Amino acid sequence: MSPIWNPEFFGNMMVVNGYTWPVLEVEQRRYRFRFLNGCNSRFLDLKMTTSPRMNNDAFNAGEHNFWQIGAEQGFLPQPVELDHLLMAPAERADVIVDFSNFDVGTEIYLVNDGPDAPFGGISLEDLSSWESTGQVMKFVVKAATNGDTTTPPDELVLPSQPVLAAATVTRAVSLNEEESHSVRVSEDNGNIVLDCDLGEVFGPTSALLGTLNPDSSGNPLLWMDRVTENPAVGATEEWQIHNFTED
């Protein structure tokens with residue numbers, strides 16, 4: 001089954017905008033970045049440091065902070081200063097990073113301390129591997145070509161959130177996990193072996209969206225099933241998402 005959509009697929013390299021471990025030159029000024037965690041199943045715990053951990057030694061906090069100003073639903077009520085940025089799969093973050101106080105030539109690493117496994121919290125005993133998934137990218141500071149006329153993050157006044165009308169519809173949907181009884185991949189002296197028709201559950205096959213049954217159990221649906229939710233343009237709705245997966 002394709003790892004593109006198979007649940008709990010954890011790759012061994014980080015990719016940013018199509019490149020593994022890229023390097024970006026930045027001037028001595030503030031930058032606005034829009035982060036998207038595009039990982040299949042991996043939570044990212046992002047930090048910025050000039051001294052990345054080596055040999056999987058733990059380090060607790062980033063040495064250079066993010067200022068988060070927005071997320072999936074738009075701007076936050078006010079900027080928030082963070083020494084690490086925790087992001088679930090498909091989560092977005094709108095952040096400002098200030099490079100103005102770094103000397104020319106400084107190398108700053110964006111690193112990941114999230115686990116190489118389904119997320120169960122941040123544990124210093126379960127860090128990603130520095131040799132692979134602990135590295136995200138590197139910034140190299142160069143001289144500013146012009147002055148920075150942007151507003152410092154702690155002085156920003158962000159646009160206010162629009163006031164939504166009262167919800168007229170409440171929908172109950174579900175997250176479901178199909179489990180495999182048929183095929184398990186194992187390795188025997190370097191040879192890949194497929195064990196078929198095992199008759200026992202050993203892991204997830206696919207993650208499926210669905211609806212909620214009258215008994216409050218999940219009703220997983222396939223891509224070819226009819227559309228069940230079709231909100232009207234401009235409507236305000238409340239969606240209750242019931243998670244029936246192991247994660």
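Modeller: Begin with isoleucine 241, which is exposed because its relative accessible area is 55%, and the cut-off for exposed is over 50%. Bear in mind that this is a predicted model. Isoleucine 241 sits in strand E17.

Biologist: Which residues make the nonpolar surface patch of about 410 Å²?

Modeller: Leu175, Leu209, Trp239 and Ile241 make that patch. As a general idea, nonpolar side chains in soluble globular proteins tend to be buried together. Here, isoleucine 241 is exposed at 55%.

Biologist: Which residues gather in a surface patch of negative charge?

Modeller: The negative patch consists of Glu81, Asp83, Asp154 and Glu155. Take aspartate 83 as an example: it is in the loop that runs between strand E7 (74–82) and strand E8 (85–87). Its relative accessible area is 33%, so aspartate 83 is partly exposed.

Biologist: Now the charge pairs. How many salt bridges are there?

Modeller: The general idea is that side chains of opposite charge can pair when their charged atoms come close. The cut-off is a side-chain nitrogen of Lys or Arg within 4 Å of a carboxyl oxygen of Asp or Glu. By that rule there are 11 salt bridges.

Biologist: What is the distance between the closest N and O atoms of glutamate 27 and arginine 29?

Modeller: The closest N and O atoms of glutamate 27 and arginine 29 are 3.8 Å apart, and the two residues form a salt bridge. Glutamate 27 is buried, with a relative accessible area of 12%, whereas arginine 29 is partly exposed at 28%.

Biologist: Which residue forms a salt bridge with aspartate 116?

Modeller: Arginine 42 is the partner of aspartate 116, with 2.4 Å between the closest N and O atoms. Aspartate 116 is in the loop between strand E10 (107–112) and strand E11 (135–142), and arginine 42 is in the loop between strand E4 (30–36) and strand E5 (44–49), so this pair ties together parts 74 residues apart in sequence. Arginine 42 is buried, with a relative accessible area of 4%, while aspartate 116 is partly exposed at 33%.

Biologist: Where do glutamate 237 and arginine 171 lie in the chain?

Modeller: Their side chains meet in a salt bridge, at 2.5 Å from N to O. Glutamate 237 is in strand E17 (residues 237–243) and arginine 171 in strand E12 (residues 169–180), so the pair links distant parts of the chain, 66 residues apart. Arginine 171 is buried at 15% relative accessible area, and glutamate 237 is partly exposed at 21%. Salt bridges with shared partners also join Arg30, Asp98 and Asp148 into one network.

Biologist: Is valine 141 buried or exposed?

Modeller: Valine 141 is buried, at 2% relative accessibility. Its place is in strand E11. Valine 141 and phenylalanine 99 are 42 residues apart in sequence, and their C-alpha atoms are 7.3 Å apart in space.

Biologist: How far apart are proline 220 and glycine 210 in sequence and in space?

Modeller: Proline 220 and glycine 210 are 10 residues apart in sequence and 4.2 Å apart in space, C-alpha to C-alpha. Proline 220 lies in strand E16 (residues 218–220) and is partly exposed, at 31% relative accessibility.

Biologist: Last, the backbone. What is phi of tryptophan 21, and what is phi of alanine 90?

Modeller: Phi of tryptophan 21 is near 50°, a positive value in a residue other than glycine. Tryptophan 21 is in the loop between strand E2 (19–20) and strand E3 (23–27), and it is partly exposed at 30% relative accessible area. Alanine 90, likewise not a glycine, has a positive phi of about 75°. Alanine 90 lies in the loop between E8 and E9 and is exposed, at 53% relative accessibility.

Methods:
Residues are numbered from 1 along each chain as its sequence is written. This is a predicted model: local features need pLDDT of at least 70, side-chain atom pairs count only at pLDDT 80 or more; totals for chains, interfaces and linings use all residues. Side-chain values use heavy atoms; hydrogens and water are left out. Patches are made of residues with over 30% relative accessible area and no salt bridge: like charges are joined within 9 Å, nonpolar side chains (Val, Leu, Ile, Met, Phe, Trp, Tyr) within 5 Å. Accessible areas come from the Shrake-Rupley method with a 1.4 Å probe; for residues, only the protein chains shown count as cover. Lys and Arg count as positive and Asp and Glu as negative; His and the chain ends are not counted. The place of a charge is taken as NZ of Lys, CZ of Arg, CG of Asp or CD of Glu. Helices (H or I, at least four residues) and strands (E, at least two) are DSSP runs, numbered from the N terminus. Buried means under 20% relative accessible area, exposed over 50%, partly exposed in between (1.4 Å probe, protein chains only).
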